[in-house]
Amino acid sequence: MNKILEIKDLGLIYQTKDKELEAIKNISFSVNSGEFIGIVGPSGCGKSTLLSLIAGLIKPSKGEIILSEGAHSTGYMLQKDYLFPWRTIWEYVILCLEIKKAKTKENIEKVVRLLKTYGLYEFRNAYPDELSGGMRQRSALIRTLATDPDILLLDEAFSALDYQTRLAVADDIYSIIKNENKTVLMVTHDISECVSLADRVIVLSTRPAVIKSEYKIDFGNEVLTPLQKRDRPEFSQYFNKIWGDIDIHV
Amino acid sequence: MSEERKIYLKKIKREKNLATFFKIFILIGFFAIWEVAAITGIIDPFITSQPSRIVTTIINLYKQNSLWQHILITAYETCMGFILGTILGTLIASLLWCFPFLCKVLEPYMVVLNSLPKIALGPIFIVWIGSGPSAIIVITLTISLIVCIMDVLGGFIATDKDQIKLIQTFGGNKLQTFTKVVLPSNLPVIVNALKISVGMSWVGSIVGEFLVSKEGLGYLIVYGSQVFKLDLVMASVLILCIIATVMYYAVLQFEKLVLKSRRMN
């Protein structure tokens, strides 16, 4: 497996008017192509900050983020689906191409293919308020995939959905991601979501975030959906181990 | 339809009819009492006027071919005032959003201008621009401008941070952030500013005409009071009530239309 992303000794200190805030400290890990990495940690530990750093939205105070040769872009999916009520699904999924001024025939065809493959093509002229939560999330994913990013960054991508929808949508999004063979870095506060989706889980500490532990999630050689994984005995073992590491006190 | 539903719908309908009845009753009652009081001499129609004389006055104005002219000139000044005020206000708010430093520097000046009763500037504009509709439009515009800037800028600043972040993850620049997210998501705020401006613009145009004018409803009111023709004053106020309401509803319809077309209602 070839390495697609390497993070070396990453650190970030926020400057605010009142004080300095160390959000992230000495984080190092690497991601292989095609891997699904889950990052969990207590709320407010700097998980989202880590993704913003990788996406290049903010500059690190220390350390390096190295994208391997050939890998050039990241796609970001945020907590809420953030469809725009004033844009149809089609106008929305090509938003990124519009901004990057990359509305080439080739890219447009690709978006059409994605919409057709994932059952949204006939809804392309619909507005978000006409779609279900799951379809909206799908549109958001297709919007993210439209520019063919090498690494997908999911920031609590399912948190805004209710529990049942969330399980179904996670299954759905997972199968699309695997189908498109994407590398994923997912940040969540939900341990079970992390164990059911990821190949590898990185546990972060409270602020300043450091890597507390790392687990390779192994359900044997069978191909399982996230929902099926939840029924496996290994699932609760992983869950308990990670729960112990996160060490939440109320 | 179930029996219960029928009773429920009937109850709603009866309540609505009753409300409509009282609305009309108050209107007719008000004018009837006014008329009777004037006829029987309880009030002096020379200083209070009376409905029948108001109607005669309006008919006379119409016969002299000046009724529409007065209405149109005042409506024109008001419309230009709130439309230009909203457009200019939105433009300035956009600039201030794009350059937060400029916003910081200008803040105290905005506070001063906001506190200042803009009508005080009226005579200055008349001296600079000359008497006539242009000066009145500028007065009208000034009244709604600052409030519009502040409302719209407030909306711009409160734009969902994550929607902005989304554009940034695509590598969008400030201008793209503005045109793709900030402006479209604040359309309701801008249309609302337009709605607020309508009411304020009437103040601008009428007071502007009080200061200096040769025609318009404000002119009729001031002229009527100076020559003690209260019939003329009351007739003008009545017409003003009607067209101000019509204009407000027109803008309300416009708002509904815009928001519906953008799926933002």
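A:Glu35 is buried, with a relative accessible area of 7% (buried means under 20% relative accessible area, exposed over 50%, and partly exposed in between, with a 1.4 Å probe and protein chains only). The structure is a predicted model, in which local features need pLDDT of at least 70 and side-chain atom pairs count only at pLDDT 80 or more, while totals for chains, interfaces and linings use all residues. Residues are numbered from 1 along each chain as its sequence is written, chains are lettered from A and ligands numbered from 1 in the order in which they are written, and side-chain values use heavy atoms, with hydrogens and water left out.

A:Glu35 forms a salt bridge with A:Arg200, with 2.8 Å between the closest N and O atoms (a salt bridge is a side-chain nitrogen of Lys or Arg within 4 Å of a carboxyl oxygen of Asp or Glu). This pair links distant parts of the chain, 165 residues apart: A:Glu35 is in the loop between strand E2 (20-32) and strand E3 (36-40) of chain A, and A:Arg200 is in strand E8 (residues 200-204) of chain A. Helices (H or I, at least four residues) and strands (E, at least two) are DSSP runs, numbered from the N terminus. A:Arg200 is also buried, with a relative accessible area of 11%.

In chain B, the side chains of B:Lys195 and B:Glu255 meet in a salt bridge (3.1 Å, N to O). B:Lys195 lies in helix H10 (residues 187-211) of chain B and B:Glu255 in helix H12 (residues 230-261) of chain B, so the pair ties together parts that are 60 residues apart in sequence. Both B:Lys195 and B:Glu255 are buried. Salt bridges with shared partners join A:Glu35, A:Arg200 and A:Glu214 into one network. A further salt bridge pairs A:Glu6 with A:Lys3, the closest N and O atoms being 3.8 Å apart. A:Glu6 is partly exposed, at a relative accessible area of 23%, and A:Lys3 is partly exposed, at 42%. Over all chains, the count comes to 16 salt bridges.

Between chain A and chain B, about 2,000 Å² is buried, 65% of it on carbon and sulfur atoms (buried area is the accessible area, with a 1.4 Å probe, that two parts lose on being put together, summed over both). In chain A, the residues that lose the most area to chain B are A:Tyr82, A:Trp86 and A:Ile99, together 36% of what that side buries. The contact takes 22 residues from chain A and 19 residues from chain B, contact meaning heavy atoms within 4.5 Å. One salt bridge is counted between the two chains; the side chains of B:Lys180 and A:Glu98 meet in a salt bridge (2.5 Å, N to O). Helix H3 (residues 95-99) of chain A gives the largest share of the side of chain A that touches chain B, four residues.

B:Gln50 lies in the loop between helix H2 (45-48) and helix H3 (51-63) of chain B. At 8% relative accessibility, B:Gln50 counts as buried. Leaving aside neighbours within four places in sequence, B:Gln50 is in contact with B:Trp34, B:Glu35, B:Ala38, B:Ile39, B:Pro45 and B:Asp231.
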